[in-house]
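Please take a moment with the sequence and the structure below, and follow the explanation step by step as it moves from charged side chains to the packing of a helix.

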Amino acid sequence: MEEIKQSEHKNYLPSYPFSFEEIIENFLQPSMKDVFFAFSEKIHNDAQKDGEKGRNFLKQQWEKAASCCKRIAELSEESDWDSKHEILVEELINMDYSSVSSFFRTFAKKFKENTPLHQELKTLEELFAWMWKVSEKHTKVISKELVETLNQ
């Protein structure tokens, strides 16, 4: 089993100076099918990396999240893929788990409760919240405000 090391993650998206609501509405909702297939692939790859490091709980959570993303993609309408979404998907999933959970909570609000899409997004929120509980003690969160202050 690997020793748990300190990690650093941002709580914002460096390439997208917009709120979660704006990102969801302008970038993700129009391309949900393709974006969630990309989420599924990225998350599955991260699960494999955690598995190789002996982080079995995180690997299991990642795999459950990848399955949710795949189901969301399958429930979504066809869309046009824009390769710029690759950066967005990467940056979203690389945020700290608490921020990712908050993002999916915000996304779930776009759908009526008790619909399949809403339920899958709520499950994603809960999975990342659990992952945050496991990792928060060894995760340093880099905030946008801190970066802006250091750059002044």
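In this predicted model, the side chains of Lys42 and Glu90 meet in a salt bridge, with 3.5 Å from N to O. Lys42 lies in helix H2 and Glu90 in helix H4, so this pair ties together parts of the chain that are 48 residues apart in sequence. Lys42 is buried, because its relative accessible area is 11% and buried means under 20%, whereas Glu90, with a relative accessible area of 37%, is partly exposed. The pair also belongs to a network of salt bridges in which Lys42, Asp46 and Glu90 are linked.

A search of the whole structure finds 7 salt bridges. One of them joins the side chains of Glu25 and Lys110, at 3.8 Å from N to O, and it links distant parts of the chain, since Glu25 is in helix H1 and Lys110 is in the loop between H5 and H6, 85 residues apart. Glu25 counts as partly exposed at 48% relative accessibility, and Lys110 counts as partly exposed at 34%.

Lys122 forms a salt bridge with Glu125, and their closest N and O atoms are 2.7 Å apart. Both residues are in helix H6, where being 3 residues apart separates them by about one helical turn.

Which residues of helix H3 are buried? They are Leu58, Gln61, Trp62, Ala65, Ala66, Cys68, Cys69, Ile72 and Ala73. Seen down the axis of H3, these buried residues fall within an arc of 160°, so they line one face of the helix, and they pack against helices H2, H4, H5 and H6.

Conventions
Residues numbered from 1 in each chain as written. Predicted model: local features only at pLDDT ≥ 70, side-chain atom pairs only at ≥ 80, totals over all residues. Heavy atoms only, no water. Buried < 20%, exposed > 50% of the residue type's maximum accessible area, 1.4 Å probe, protein only. Helix = DSSP H or I, 4+ residues; strand = E, 2+ residues; numbered from the N terminus. Arc of directions from axis to C-beta. Contact = heavy atoms within 4.5 Å. Salt bridge = Lys/Arg side-chain N within 4 Å of Asp/Glu carboxyl O.
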